[in-house]
Amino acid sequence: MSHLDKILLVVYILTTLPLAVILIYKISRLNQLMPKFNSVKKSLDDMDEQAKLIVRTDMELNKIQEALDKKITGLYALQRLSRIISMTLEEDQIFKRIQPEYLEDLGLERGCGFLWDDGHKQFALRFSIGYTEDEINAIKSFINNNQKQCLNFITSDKTLSSISGLNDLITAQQLNTIFKVISCIISPLLPQQNNRGLIFVGTQNPETVVTEGDEELIKILATQLGQALENARLFEKSWRAQQELEKKVIERTHELTVALEEVKKISDRKTNFVSSVSHELRTPLTSIKGYAAILLTGKLGDLPKDVRERLEKINRHSDELVHMVNELLDIARIESGRVIMRSEICGLQETASKVEDLLSGQLKERALYLNTGIAQDTNLVLADKIQLERVLINLISNAIKFTPAQGRITITSRKIDKMIRVDVSDTGCGIPEEAQEAIFEEFFRVDNAINQEVKGTGLGLSLVKHIVEAHGGKIWVKSKPESGTTFSFTLPAAE
């Protein structure tokens with residue numbers, strides 16, 4: 001080796017040695033930094049994964065937010081539509097109120113509805129949105145050509161959509177060619193009373209995805225439509241029933257008016273007839289009674305005993321006929337309004353005492369007791385004194401006739417609002433229930449043993465009824481066979 005080579009070798013060694021030292025130091029430093037590098041790299045990788053997760057979560061949240069916004073918008077649209085269709089009770093107006101903007105808020109732009117017409121045995125179109133006339137006619141033909149499948153679908157009460165499957169009802173090709181949509185929802189309408197139908201909504205927008213939430217909204221809409229239809233039909237039925245009832249009421253009222261006018265004419269004729277006949281009877285009765293009285297005085301000569309007895313019968317029966325004629329005339333006058341009741345303040349106790357004096361002979365003869373229990377605060381009434389006496393005379397005489405010996409007759413009174421109620425009770429044989437409604441009719445007499453023995457006209461209670469009603473009061477009877485009878489009547493109380 002030459003000296004020069006040796007020098008070069010020394011120079012190389014001296015040059016390489018620092019580099020080697022530096023390299024060894026770098027490698028050592030690199031080995032020291034490698035764990036930190038790996039830690040940083042792992043952190044960066046973790047951050048990258050987290051960033052990707054955040055992005056994916058954000059995208060999902062956006063989708064959820066969009067779906068939520070869509071559902072809220074749909075709910076608002078459904079609420080407005082429900083409120084509008086519930087505000088009408090006309091079936092045609094219900095479907096007319098389904099406007100395109102409500103479907104647009106649901107993310108749909110086409111729709112139609114059909115109801116089954118049981119009379120024509122086919123589905124009738126009720127509303128159409130987004131379709132031309134030719135398109136809707138094609139849909140109508142498809143629906144009616146597949147009536148069985150459609151009716152089965154309605155009966156199933158299931159809402160179907162593009163995501164839940166329509167193959168049993170509509171194929172994808174039919175959906176595109178006939179209904180002109182990419183995705184859709186079909187829901188049945190099930191109003192009661194065998195009225196059935198369906199509602200169809202859909203979209204041509206490939207970016208619009210029908211969701212389960214959309215299915216739920218359309219199902220709710222279909223339910224509300226069905227309820228609105230049912231309400232409209234019930235209202236229509238009620239309205240027609242009301243119209244028919246009003247018509248019948250008008251007809252019946254007219255018939256009753258005619259009948260009442262006829263009854264009034266008949267009643268007027270009867271009253272006039274009774275009045276005329278009664279007047280005509282008075283003249284011969286007066287003559288008969290007058291001649292009988294003259295003969296009984298003996299001015300025309302002495303009378304044999306049997307002749308006198310017969311004349312006395314003629315005189316007595318003439319009195320009875322005169323009494324009956326007078327009662328008939330009184331009833332006729334009261335019915336026709338020709339008798340005016342002169343209302344004045346009358347004391348019931350005073351009137352009852354006067355009547356008791358008049359009938360004291362009959363009471364003693366029949367061994368009957370008459371008690372009056374007229375309270376001071378119910379003593380005064382507004383009535384015609386003479387007519388009030390007639391009422392009490394008739395009712396007490398009636399009680400005397402049908403009450404056995406040792407029996408009791410009671411007169412009591414009580415105040416009811418602005419009226420005084422008077423009760424005349426006895427412990428007599430009573431009146432059968434079936435005869436109580438007719439007891440106040442003219443000439444009616446209860447069929448019993450007493451009436452067969454005791455003569456009467458059957459006009460007394462009818463006259464009493466007319467007098468009481470002419471005062472603005474009422475009269476009625478309560479009785480049970482063998483348990484006595486109570487006649488009650490009301491008169492205006494004196495203030």
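This is a predicted model: local features need pLDDT of at least 70, side-chain atom pairs count only at pLDDT 80 or more; totals for chains, interfaces and linings use all residues.
Residues are numbered from 1 along each chain as its sequence is written, and side-chain values use heavy atoms, with hydrogens and water left out.

Let me begin with the sheet, which is open, has 5 strands in the order β2-β1-β5-β4-β3, and shows antiparallel pairing; strands here are DSSP runs of E with at least two residues, helices are runs of H or I with at least four, both numbered from the N terminus, and two strands pair if DSSP finds at least two bridges between them. Because β2 (122-129) and β3 (160-161) stand at the edges with a single partner strand each, one side of each is left without a neighbour in the sheet. Further in, β1 (residues 110-117) and β5 (residues 197-203) are joined in the antiparallel sense over 6 bridges, and Cys-112 stands opposite Phe-200 in β5.

Ser-183, in strand β4 (residues 183-189), has 8% relative accessibility and therefore counts as buried, the cut-off being under 20% relative accessible area with a 1.4 Å probe and protein chains only. Setting aside neighbours within four places in sequence, Ser-183 is in contact (heavy atoms within 4.5 Å) with Ser-162, Gly-202, Thr-203, Thr-208 and Val-210.

Phe-142, in helix α4 (residues 133-145), is also buried, with a relative accessible area of 10%. Residues up to four places away not counted, Phe-142 touches Leu-169, Ile-170, Gln-174, Ile-178 and Phe-179; the C-alpha atoms of Phe-142 and Ile-178 are separated by 8.0 Å, although the two are 36 residues apart along the chain.

Turning to the cores, which are sets of buried Ala, Val, Leu, Ile, Met, Phe, Trp, Tyr and Cys residues joined through side-chain atoms within 4.5 Å, the largest has 39 residues, and Leu-395 and Phe-489 are among those with the most contacts inside it. Helix α11 gives the most to this core, with 7 residues. A second, separate core of 26 residues includes Leu-106, Leu-108, Leu-115 and Leu-189.

Last, the surface: Leu-30, Met-34 and Phe-37 form a nonpolar patch with about 300 Å² of accessible area together, and Phe-37 is found in helix α1 (residues 3-85). Patch residues have over 30% relative accessible area and no salt bridge, with like charges joined within 9 Å and nonpolar side chains (Val, Leu, Ile, Met, Phe, Trp, Tyr) within 5 Å; a salt bridge is a side-chain nitrogen of Lys or Arg within 4 Å of a carboxyl oxygen of Asp or Glu, and areas come from the Shrake-Rupley method with a 1.4 Å probe, only the protein chains shown counting as cover for residues.

Definitions and conventions. Buried means under 20% relative accessible area, exposed over 50%, partly exposed in between (1.4 Å probe, protein chains only).
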